[in-house]
Each structure stands twice: as C-alpha cells, then as structure tokens.
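Here is my note on the side-chain links in this model. Please read it with the structure open.

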Amino acid sequence: MMGCYSRRSCRKDMPSLFVPTLLIFLFLLYGIIDNGIFVSANLVGVFQTNVGSGCTACYKPFPETGSCACPSGSAKVDMNVISACRATLTAAKWSSCYNTDSGDAFKGLFERDDYDNTCLVPNPLTGSCSCPQGSSSYQAFFVLELYQGLDYLSRVEVCYQNSRIPWSTFGGMYMLDDPHQYAYGCSPENPFTGACSCPPGTLPQTLRVKSPGTDERTPIDSSLVICQRKSATVGSCALPLTTLTNCGSCNTPCSRTNAAASCSSGNCAILACNIGYDNCDATDFNGCETQLNALQHCGACHAPCSRANAAATCSSGACAIGSCNSGFANCNADGADGCETSLSTINNCGACNVKCNPPHGMGSCSSSGSCSILSCDQGWMDCDGDVANGCETLLNSTSNCGTCGARCEPLHSSPICEAGSGGWCTHGVCDAGWQDCDGNVANGCERDIRTLTDCGGCNVVCNRGNSPVSCATGTCIASSCSEGYASCDPSVPDGCETSLESFSNCGACGMNCSRANAASACYTGTCIIDSCNEGFDDCDGIASNGCERDLRTTSDCGACDVRCSLLGNTTSTTCSATGTCEIGSCNAAHADCDGIAANGCERSVRTTTDCGECGVTCEHEHASTTCDSGECAIVTCDANYGNCDGILDNGCERSLLTTTDCGACNSTCSLG
C-alpha cells in the first residue's frame, strides 16, 4: 500500500503530469565538469543492492565485475529506491559508476522529492539538482523510496545531450511497467530510439524497482533499463549478455522457478510457466510461484476452488468435491453445485434418496440424518420401535387396544376393541350367567347373575314369598311352598305368592270358594258354607253345590221338602218369596177374596155382590141386573126407563117419558 509522497508532508495526491508512468531508480554515469566541477563523464556501469532483509543483497551485479562494486578508477553515486525483489517493501540502492575518461551524451542525474522539489541526491556534474550547461533535454522517472517504514514518491531526472553521437558508453534509458500488474507498458521511452529499446551496439542493464500504480497508491514492479556500449568481452563472459547463463551481466544466470525463462535485452523474465503453475503474484523474480492445484488458485490464478457444503479439492487444475460436510451429499452427481442436498430432510435422510416416510405415520429427519417417527396416523402406533416399518400396529386389536400392549380382555365376555379414536376396549355378549352391572368396560361382565341378589339380571333379587328359593340357572325358582301357600301363576316369578286360604284359591290354585245361593268361607284350605241365602237351603248336605234347594217352590216351600197342595176352588198353588204356600190361581167362578190361602178361593164371583172380582157389585140405575160368567149385565130396565146409549155402567139412563124419548129411546112426541 502506498504511503506518503513527501518526507515532510505525507501528501495524498500527485500532479497529473506524473501519473501515467511508474518509475524506477535511475543510476547513471557522469562526466565533464563545468565551473570547477566535472562537465563530462563516462557511464561505466550500474548495479543494485538490496538493503532490507528477505532478498539477495547483491540483486543486480555490475556487469564488468559480476559483483555489486564499481571497478577501479571510477566513482559512485547512490539513488534510494524500493526493490521489486518481492511483494513487500524492501529498501534498495541504485548505484551508478562513472569516470572522467571522455565525454559522452550522458550529462548526469539527480533525485528530487516530487512533492516540494527538495533535492535529495544532487547531480555530481553540477553539485545540485540540475543539468549542466549544454544539456539539450532530460528525462523524468518516478520511483518510490522507503523512508521510516513508508514509501515516498521521488522524481529522478536524467540529463543528456542529443548531439553527442556517437556516444562513448551511454545509450539512453527507458522504463517498462510489469505487464502482470499494469498494462500501461513503456514510459518514458529511450530518447535515442524513440522506443523502449536500446540503440545498436549497446546492451541493456535492467534494474528492478517499485513505481506508483495507476491509483498512485499501489506500488507496482517496473524495470529501469540502461543501455551501455560494451567491449567485446565483459570479464570472462562473451558478448552478448542475453543468454540464460549470462543475462545482463557476466555469470548472471537467468532462471525462474517452475517456469521456462528468457533473457531479452539483458533482462531475465518468465517465458512460460510450467504446466500446473502460474505467476499469480505478478512478480517476475520469484517465477511461477503458484501451483494451480491450490484451493485459492485452481486451474488459473485467483480462481478459488470451493464447493457448497463440502471440503473442495483441486487436482490437475480441476476443482472437485473432496468430501461433503457432515449432513450433506452430492445427490445429483453434479460437482459444480457441491454437496447440494441436505441429508436431514424426509426425502434424503442420512443418504441420497433415502426417504424418511414411515408407514402410517409422519417422519422427522434429524440434523444427524437419523429418521424417526414424529407422529402416527390416528389408530396406529409404533410398538416395536422399528422406524423402518413405521407405525406398524393397528390399535383396534384385542392385543393392542388403544395403545401398544394394552390387551382387551374384559371378564366373562367376548372382547371387542372399537376402532374409534385410537381404539377403546369394550365387550360384546357376556358369557352365560354373567352381566355388566357397573358399566365399567375394564372389568367386563363382572356380576354373576345366578345369585339370590342378582338372579337373571343386575340387582334382581331372588325372593319368592312363602318359599325357600334358588337361582342356580339364572332363574329364581321356589323349591317348595310353605303350608297354606302355592305358586298359582308360574309365568310370574313371585314364588308361592298365593295363600290357599283365600276365597279364590281355597286349598288349591284357582279353587274358588264360592257356593251357590250361600255365603261361603275358606277355612284352613277348606271351603265351607257359612249361611244360605234367603229363600235357599242346603237340603242335600253337600257343600260343593252350596244351598242348592230353592225354598220358594211348591215342593220346598219355606223349608226342605215342604210341598204346597191345591186348595178349594183353586187351579194351582205357589210358594212366596218368604217361603209360604200361596194360591196360584182360582177357578173361573171363584176368587180368594179374604186373602187367606188356607181356605182357598172361598168366594164365588158370579154374584151381583162379587161379579167377576171380589167386591165388585153388579147394580145399575133404573134397572135389574145379573152376573153371568162373571160379567155384570142389565136384565131389564125399570118402567119408563131405557138404556138408550147402550152403555152398561150408567144403567137405564134415559127416561122414556119425555118428548124426545117418548115411550122409547129417541122417540119424540109431537102434536101433529
């Protein structure tokens, strides 16, 4: 991360003029002295040393000597830079060796603080941060230096004289930004070629430094290339210094870790990474440091290898599932979406496609992939604890009624486990001689109904009056009746309910103690006649036919065998209700006028005093009468009277001495 751009102000922005290019240390060669100072110099060579730890101390050796030291007879000037030997900030020095043998196009270099132009390293040809007189132009290179742990932006300016061609040793310089980190490329170019290249007859000497990135805060790696004319040999090495064994300097091998290297213009670089490796940190010096089998770089740089719910593995650059996290699996066999399936669901419980769907129940799959029964369907239960067969037990059987192992065994009855809501035990028909009297299904038909307290039914007492009883068959039976009692109605189980001394059951069932024409009574089972009704008597002495003789008959009148005989002038006799003989009827000419039966029909009813009936007189006015056959009749009318209306009762009612009845009925007397 970029720090401050000034040693004094910690500036956070840079002038846009200097942004486009990333700069590196410059180490240059000096010459000729002006005003008492060198005004002309030859650039003998450059080298780079790393001050910080972690990188090779002699990072870019001097070509002529193969070490980080100037050759004999030359002087040195140092520029403070940051090395590109590794990603972290490492302080370095860029040293330029020069002498005064002859003039050159090189006119020295100096370094300023980019923020306030403080002269940090003066030009040895002028003693200040300026170009000597006669210099036609200059180049500005932006580099970073390390100061008190922070990186600061510096500007190294190089003075040169275009007219000095051919030059002695100096062939110009340019800077290349690392293409892995920044695509800006070459800036500034070599003024002698107009490109990032060295003139013919010169070789590049490459130094590796850090320059500011495009955001001016992120250091990137850059190559500062200095072009120098060399003699036919450099030390013990044959020119050119562009081979893998002598790259940029004598005995400087060019190789890169896990890569094929190339030495171009004396700069060692990665030509191509070995298969399975790449330069992921975009730093050239450490080669293709990254194996593309890592989880962070799988098959390509910064291509992370991860799989959902899994520990990923990268093999031969291909990302794959190493192992699934606990509780997950790759059920669709597609490695791209990882272990996409949770193994704690009812469709994938513990393994792919293993369903947690117990029969007759609802399953639940735990986070550990264990299937269990969450609930059973109504009327079912898991009695064996085996999840595989689910809620296997139907709870309407007599061995599992309502719950596991609950036996339905009601006493003295046929068991029934009703399905209902989960099964409940009841009983069917009770066994013979037993009955459910308390309504408690649990104890079944608990009552023996062959006892005297429960005979044939619950709470039915076996009690037969006037008799010892038994209920051995469930029916209350009287074994025998007490004396004077009997069971007269077998259809009614009431024992010897009937007293045999009653009027209707006298001595036996249904033996009615009723006697004809008598008041009867049952005494100790025997029916007797207390008294005969009025007008009757027991003449034969047999109690069963009662008072069989009516004492109001002519044969038994008033007493047994008392007969009524015919009396005078009677045709029949009767016996009265009081049992006395009476006249039944008189002959036609007589009547019982005195009411005394004994003298019979004592009065003739053919007389004018008793004419037809007792006491009926036969007398009419103005006439003489007669009673013939019991009928009163007028025999003759008195003189001068006549029965003109023909009515017997008023006699001879008409006088015949009138003008209307003159001498005879209805005979008028007229004078004519």
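1. Is Asp550 buried, partly exposed or exposed? Asp550 is partly exposed, at a relative accessible area of 25%. Keep in mind that this is a predicted model. The side chain of Asp550 meets that of Arg552 in a salt bridge, with N and O 2.9 Å apart. Arg552 is partly exposed too, with a relative accessible area of 31%.

2. One of its links is the salt bridge between Asp561 and Arg549, at 3.1 Å from N to O. This pair links distant parts of the chain, 12 residues apart. Arg549 is in strand S38 (549-550), while Asp561 is in the loop between S38 and strand S39 (570-575). The accessibilities deserve a look. Asp561 is exposed, at 59% relative accessible area. Arg549 is partly exposed, at 25%.

3. The search of the whole structure finds 8 salt bridges. Another one to inspect is Arg447 with Asp454, where the closest N and O atoms are 2.9 Å apart. Asp454 is buried, with a relative accessible area of 5%.

4. Now the disulfides. The structure holds 32 of them. Cys564 is joined to Cys581, with an S to S distance of 1.6 Å. The link is left-handed, with -95 degrees about the S-S bond. Cys564 lies in the loop between S38 and S39, and Cys581 in strand S40 (residues 581-586). The two are 17 residues apart, and the pair links distant parts of the chain. Cys564 counts as buried at 10% relative accessibility. Cys581 is partly exposed, at 32%.

5. Strand S40 also holds Cys586. A disulfide joins Cys586 to Cys601, S to S 1.7 Å. This link is left-handed as well, with -85 degrees about the S-S bond. Cys601 is in the loop between strand S41 (590-591) and strand S42 (603-604), 15 residues from Cys586. Cys601 is buried, with a relative accessible area of 0%. Cys586 is partly exposed, at 23%.

6. Cys644 and Cys665 form a disulfide, with sulfur atoms 1.9 Å apart. The torsion about their S-S bond is about -85 degrees, so this disulfide is left-handed. Cys644 lies in the loop between strand S45 (641-642) and strand S46 (654-655), and Cys665 in the segment after S46. The pair therefore ties together parts that are 21 residues apart in sequence. Cys644 is buried, at 18% relative accessible area. Cys665 is partly exposed, at 30%.

7. Which cysteine sulfur is nearest to that of Cys662, which is in no disulfide? That of Cys669, 3.8 Å away. The cut-off for a disulfide is a pair of cysteine sulfur atoms within 2.5 Å. Cys662 counts as partly exposed, at 33% relative accessibility. Cys669 counts as partly exposed, at 43%.

Technical notes:
Residues are numbered from 1 along each chain as its sequence is written. This is a predicted model: local features need pLDDT of at least 70, side-chain atom pairs count only at pLDDT 80 or more; totals for chains, interfaces and linings use all residues. Side-chain values use heavy atoms; hydrogens and water are left out. A salt bridge is a side-chain nitrogen of Lys or Arg within 4 Å of a carboxyl oxygen of Asp or Glu. Buried means under 20% relative accessible area, exposed over 50%, partly exposed in between (1.4 Å probe, protein chains only). Helices (H or I, at least four residues) and strands (E, at least two) are DSSP runs, numbered from the N terminus.
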